[in-house]
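I am opening this notebook to record what I looked up in the structure. I begin with the contact between the chains and then turn to domains, core, helices and single residues.

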Amino acid sequence: MGDQLATGSRRGLKPALPLLLPAYLWLTVAIFLPLSAMVFFSFMTDLPLAGKEWAFTLGNYAAFFSQSLYSTLLLASLRLGLEVTLWCVVVGYPAAYVLAKVLKGRSREAIFLLVILPFWSNGLVRIFSWAMVLREGGILDTALNAVLPFKINIDLMYSYPAVIIGLVHSYVPYMVLTCYLTLQAIDDSLLEAGRSLGASRLQVLKRVIIPLSMPGLIAGAALIFVPVVGSFMEPRILGGRTGTFYGTVIEDQFVAVFNWPLGAALSFILLAVVLIILALAAPVLRRAG
Amino acid sequence: MRMPRLTAFLTATAVVVSAFTLSAQAAEEVHVLNWKGYGADEPWAVANFEKATGFKVVNDFFNSEQEMLTKLRTNPGLYDVVMINAAFNDQAMAGKLIQPIDVSKLSNYADVSKDKAGSPMLNHDGKVYGVPWVWGLTALAINEKSFDKPPTSIAEMWDPAHKGRVIIRDDAVEAVQFGAIASGQNINDIKDMDAVKAKLTSLMPQIKTFWSSENDWNQMVASNQIDIGTYWSGSADRAKTHFKLPVSLVIPQEGAVAWLDAFSIPAGSKNVAGAEAFINYMIDPKFYVEWVTKVGAPVSANTKAVAALPADAFNRKVMGSPEVAKRIQFQAPITDEQREKYLALWQELKVNVK
């Protein structure tokens with residue numbers, strides 16, 4: 001049986017090769033090669049440009065452990081990642097449920113379009129739009145003061161909440177889309193069966209809907225958590241003086257101080273930490289699913 | 001996370017691609033690398049220069065001195081003219097990024113003030129590596145709406161009345177030198193780093209955000225979100241003259257950081273003649289007077305250009321006054337070790353603010 005399967009898959013591989021080739025070629029050129037170059041850079045003392053002297057060193061990785069600055073920032077970034085993921089679940093999951101189970105036809109398409117819309121606009125445009133909304137005397141401040149009978153002062157700009165708002169807005173579509181796919185696949189008769197057997201709405205949600213849509217939740221969470229931990233544009237623009245995170249320090253190394261080796265080393269430490277977190281979380285999440 | 005990888009990839013391809021395209025590049029083009037909105041890219045100036053010489057100007061920009069050095073390193077042969085703060089000239093020369101300039105080809109060079117042209121920062125082994133263009137101050141600028149009377153002391157930045165309405169540039173060297181002035185020290189020979197650190201630590205809670213470009217600063221004033229902050233003299237002039245913003249420059253009694261901006265020709269330039277013509281045009285009194293009147297600018301290094309301004313012009317009357325000259329400290333080159341030390345301090349301050 002096993003033999004048969006093996007030969008079957010081997011036979012299947014050959015005709016599939018031309019189909020896989022473009023994807024693998026692209027991965028090699030666009031991801032594997034630059035990434036390898038970065039691994040190489042991260043062990044160098046200096047970039048070999050303009051005939052500069054350089055040697056191999058572990059100093060860039062040692063810098064992470066010798067200065068508390070980097071681990072403090074990494075923890076802050078991990079916390080940011082968790083918070084943003086959590087808010088994306090809170091905002092995105094109910095929306096996905098409504099899309100998958102409540103709305104039908106035209107209205108579903110319309111709402112779906114609204115969810116995807118952020119994907120079609122440029123990230124910087126989104127962030128600067130938030131800047132106009134959140135600042136003192138901005139759209140939110142003016143609108144609320146026009147409606148409310150008492151005077152309130154809304155100045156969320158250049159603060160931690162502003163960073164969270166901007167990031168949640170950017171990443172919530174991932175959560176909606178992944179959850180929508182799994183929620184839609186749940187057979188309605190399962191929910192009806194649960195209800196007819198005497199389960200309350202809450203019990204149906206807890207025992208049927210959430211477990212069955214767990215793969216979507218996990219996929220969405222991973223898709224959001226990983227880029228948010230390394231994010232630098234949103235914290236820099238919306239965070240003001242509180243906007244220093246691990247991602248912005250990496251960006252500084254590349255853009256501002258031209259210390260690519262240190263920037264590369266910091267990036268790979270982040271990659272390692274994220275992989276460890278995902279590996280540790282995998283069995284727990286799998287059991288939950 | 002995606003960005004660094006992408007940047008690396010793009011840079012790698014850019015180096016390869018530029019090697020191919022350079023040979024095809026038209027010799028008439030002058031590629032200029034400068035801050036955005038800093039004279040060299042003024043449409044009227046570009047048009048005048050192109051009409052007078054027949055060269056075509058292609059502008060490119062940077063947001064920090066390090067980015068400028070990065071662009072020179074990763075695009076050898078692309079640029080013909082680069083604007084370098086004199087304090088970075090050493091580093092650019094040592095990295096073989098710029099070449100000596102034949103000043104006999106620049107008819108306006110003789111009018112450049114002798115102390116600036118002879119600056120040891122721009123001259124190495126008897127060769128000229130930078131033509132002084134303009135100088136100015138990193139001082140304070142205020143939102144006129146927030147003050148009845150302009151402040152005179154740097155201590156205004158620490159006044160609790162301005163809490164959350166102060167802005168400084170996200171730049172380690174500038175921040176540390178500002179701290180040095182606030183703690184009464186020589187910016188080029190900071191003896192007491194702890195005093196600088198203490199000063200900056202107590203400033204952090206006052207700060208609204210960090211600025212990195214003129215546009216940031218001007219927008220903060222336009223939306224009335226700040227009272228006071230560090231700013232460049234030329235930029236403050238431009239904010240007032242060109243953007244009609246309620247901004248005025250304050251040179252505090254404690255002093256201010258002075259800088260000298262100069263033009264250099266990158267090593268491997270494909271159009272040295274065009275570069276020389278462009279630099280000569282940039283230090284021409286006619287260009288300077290028009291720049292000051294139309295847009296606002298720092299102080300020209302060309303004495304004839306400054307003399308061509310009206311007698312009551314800020315750049316002639318205030319910036320040229322001996323009383324101001326006594327207070328300002330010119331930036332000297334900074335070693336890599338110093339820079340790393342400043343950066344570490346600055347990052348620590350930014351992290352501890354949370």
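I looked first at where the chains meet in this predicted model, and found 32 residues of chain B in contact with 34 residues of chain A, contact being C-beta atoms, placed from the backbone, within 7 Å of each other. On the chain B side, the elements giving two or more residues are α1 (2-24), α3 (65-74), β9 (207-211) and α15 (336-352), where helices (H or I, at least four residues) and strands (E, at least two) are DSSP runs numbered from the N terminus. I noted that α1(B) gives the most to this side, with 7 residues. By class, the side of chain B that touches chain A has 14 nonpolar, 10 polar and 8 charged residues; Ala, Val, Leu, Ile, Met, Phe, Trp, Tyr, Cys and Pro count as nonpolar, Asp, Glu, Lys and Arg as charged, and the others, Gly among them, as polar.

On numbering and limits, I keep to residues counted from 1 along each chain as its sequence is written, with chains lettered from A and ligands numbered from 1 in the order in which they are written. Since the model is predicted, local features need pLDDT of at least 70 and side-chain atom pairs count only at pLDDT 80 or more, while totals for chains, interfaces and linings use all residues.

Next I took the domains of chain B, whose bounds come from an automatic or database domain assignment: domain 1 is 2-16 + 26-134 + 260-316 and domain 2 is 136-258 + 333-352. Their C-alpha centres lie 26 Å apart, and the contact takes 13 residues from domain 1 and 14 residues from domain 2. The domain 1 side of that contact has 8 nonpolar, 4 polar and 1 charged residues.

Which residues have the most contacts inside the largest nonpolar core? I found Val81(B) and Phe278(B), in a core of 158 residues, a core being a set of buried Ala, Val, Leu, Ile, Met, Phe, Trp, Tyr and Cys residues joined through C-beta atoms within 7 Å. Buried means 20 or more other C-beta atoms within 10 Å of a residue's own, exposed means 12 or fewer, and partly exposed lies in between, with C-beta atoms placed from the backbone. Helix α7 (residues 160-185) of chain A gives the most to this core, with 14 residues, and the core also draws at least three residues from each of domain 1 and domain 2 of chain B. Leaving out residues up to four places away in sequence, Phe278(B) touches Val30(B), Val32(B), Phe49(B) and Val81(B).

Last, I looked at Ile187(B), in the loop between α6 (172-182) and α7 (193-203) of chain B, which counts as buried because 24 C-beta neighbours lie inside 10 Å. Ile187(B) and Val257(B) are 70 residues apart in sequence, yet 7.7 Å apart in space, C-alpha to C-alpha.

Conventions
Contact = placed C-beta atoms within 7 Å.
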